[in-house]
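Please look over the model below before reading my notes.

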Amino acid sequence: AGSVAIRHPKRNERSLDKTDNVDGIHPGASLQTYIHLVKDGTFLVFGISNFLTNVSFFMPVLYMVDRALNDGIDKGDAALLISLYGAGNIFGKLFFGWLADRKLVDRLFYYIASLTVCGVATCVSFMSGSSRELHSLYAVTFGCFIGAYVTLVPLVAVDLMGLSLVTESYALLLCFMGIATAFGTPVAGLIFDWTGSYTISFVLHG
């Protein structure tokens, strides 16, 4: 009698599962996976990056109008900054999402570049002075590249940690982000209360 190949479903399923594991950890083992992520150097650096970014995530949006008014910009022009920020934000999310799908370069490059532009622009934005045009340019620039950051975070998380860990890794990143945003903006307000100027707040948060 001829030999008959017998399938072993459990064995096959196991072999498929191994392709989804990272360092032997199955995504279903949530607690173990979180512990692994915290100990992973790559994820830790990425998490710290997101933590520091979100310390400054909302601060420019909440204070750019008040700073413009403080610098002598007309109330109507100052209020328009939020709309310019929003327009830049929408464009940044759509454009960099499209660009990331093209995979022309490593998506981590776009992530680093967008945060670099946001940081530098925020640091030097105090030089806008009483110029309506420079305040507007900063609002659009920050909106565009912080929008790019929002789009790129989950994509870079997949690239760095793998698709099988995207749920746990992104959840942990959101935890870092939430903690950072809780005190980033109030600290900027306290600095303004102490100094009477938004310059130090924007430079430090940049």
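My notes follow as numbered points.

1. This is a predicted model: local features need pLDDT of at least 70, side-chain atom pairs count only at pLDDT 80 or more, and totals for chains, interfaces and linings use all residues. Residues are numbered from 1 along each chain as its sequence is written, and side-chain values use heavy atoms, with hydrogens and water left out.

2. The unreviewed UniProt entry lists "transmembrane region" for residues 43-65, 77-96, 108-129, 136-158 and 170-192. Such annotations may be inferred rather than shown by experiment. Residues 170-192 are 100% helix and 0% strand, with end C-alpha atoms 33 Å apart. For residues 108-129 the figures are 77% helix, 0% strand and 34 Å. Helices here are DSSP runs (H or I, at least four residues), and strands are E runs of at least two.

3. The largest pocket holds about 170 Å³ of space. Its lining has 13 residues, and T53, S56, G119, H205 and G206 lie nearest the centre. Helix 3 (41-55), helix 6 (107-124) and helix 7 (132-161) each give two or more residues to that lining. Helix 6 supplies the largest share, four residues. A pocket is an open set of points on a 1 Å grid where a 1.4 Å probe fits, with protein on both sides within 12 Å along at least five of seven lines; lining residues have an atom within 4 Å of a point.

4. What classes make up the lining of the largest pocket? Six residues are nonpolar, seven polar and none charged. Gly counts as polar in this scheme.

5. Helix 7 and helix 8 (residues 166-195) pack at about 135 degrees, their axes 9 Å apart. Angles run from 0 to 180 degrees between N-to-C directions.

How values were computed: Grid points are joined across faces, edges and corners, and a volume is the space filled by probe spheres set on the points.
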